Amino acid sequence: MRCLVALALTLSSSLIAQERRWVPQGLTRVGGIAAEGDALLQPLKAVADDSAIYVFDNGDHQLKAFDLHGRPRWKVGRRGQGPGEFTGVTATSLSSSGDIWLYDTGNLRITVIAPDGHIRWEVRSSRLLLPGGAVPLPNGSYLAQTNSAGPFLARFDSTGA
């Protein structure tokens, strides 16, 4: 059975300010995620906060949440083009409010999912074509790479304007 194992770097609480470097104390296993049935977990990118690890699985086009010990919490999504469906997620981000942002170039859409697995909002835009992802900003707007003739990086509000 294959699994994804998340490792965390335990850092010393004493940061040597003069040298501006962390003193590593070793790696600690914080969980494992077993494959479901015969399907292998095909993680794109994992993001984490203080209470969960969020992994977008390219194998079944789902965002999956796990506690810090690797136990499943919830999953959302499937392959497709409708609400809550994904075809080409190329990046994930975590906002300062704890929302998970999925950048889906296949659907020309950003989907924002709450830490409890509910979809907060989705926005489509023909300008969201590059696979670099989006950077959520505290006010709900975001920065994203574009394919337009204008600036390479553009600022959008939550409606995609």
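This is a predicted model: local features need pLDDT of at least 70, side-chain atom pairs count only at pLDDT 80 or more; totals for chains, interfaces and linings use all residues.
Residues count from 1 along each chain as its sequence is written, and side-chain values use heavy atoms, without hydrogens or water. Local features need pLDDT of at least 70 and side-chain atom pairs 80 or more, while totals for chains, interfaces and linings use all residues.

Start by selecting Val55, in strand β4 (residues 53-57); strands are DSSP E runs of at least two residues, numbered from the N terminus. Val55 is buried at 1% relative accessible area, where buried means under 20% (1.4 Å probe, protein chains only). Its C-alpha atom is 8.6 Å from that of Thr92, 37 residues apart along the chain.

Now show the aromatic rings. The whole structure holds 5 aromatic pairs, meaning Phe, Tyr or Trp rings (six-membered ring for Trp) with centres within 6.5 Å; planes under 30 degrees apart are stacked, over 60 edge-to-face, the rest tilted. Tyr54 and Trp74 make a tilted pair, at 6.0 Å and 40°. Because Tyr54 sits in strand β4 and Trp74 in strand β6 (residues 72-76), this pair ties together parts 20 residues apart in sequence.

Next, pick Phe56 and Phe86: with centres 5.6 Å apart and planes at 85°, they are edge-to-face. Then look at Trp101, Trp121 and Tyr142, a cluster linked by ring pairs.

Finish at Arg109 in strand β11 (residues 109-113), buried at 3% relative accessibility. Its side chain reaches the backbone oxygen of Glu85 at 2.2 Å.

How values were computed. Helices (H or I, at least four residues) and strands (E, at least two) are DSSP runs, numbered from the N terminus. Buried means under 20% relative accessible area, exposed over 50%, partly exposed in between (1.4 Å probe, protein chains only). A polar contact is a pair of N or O atoms within 3.5 Å; within protein, one must be able to donate a hydrogen and the other to accept it, and residues adjacent in sequence count only if both atoms are side-chain atoms.
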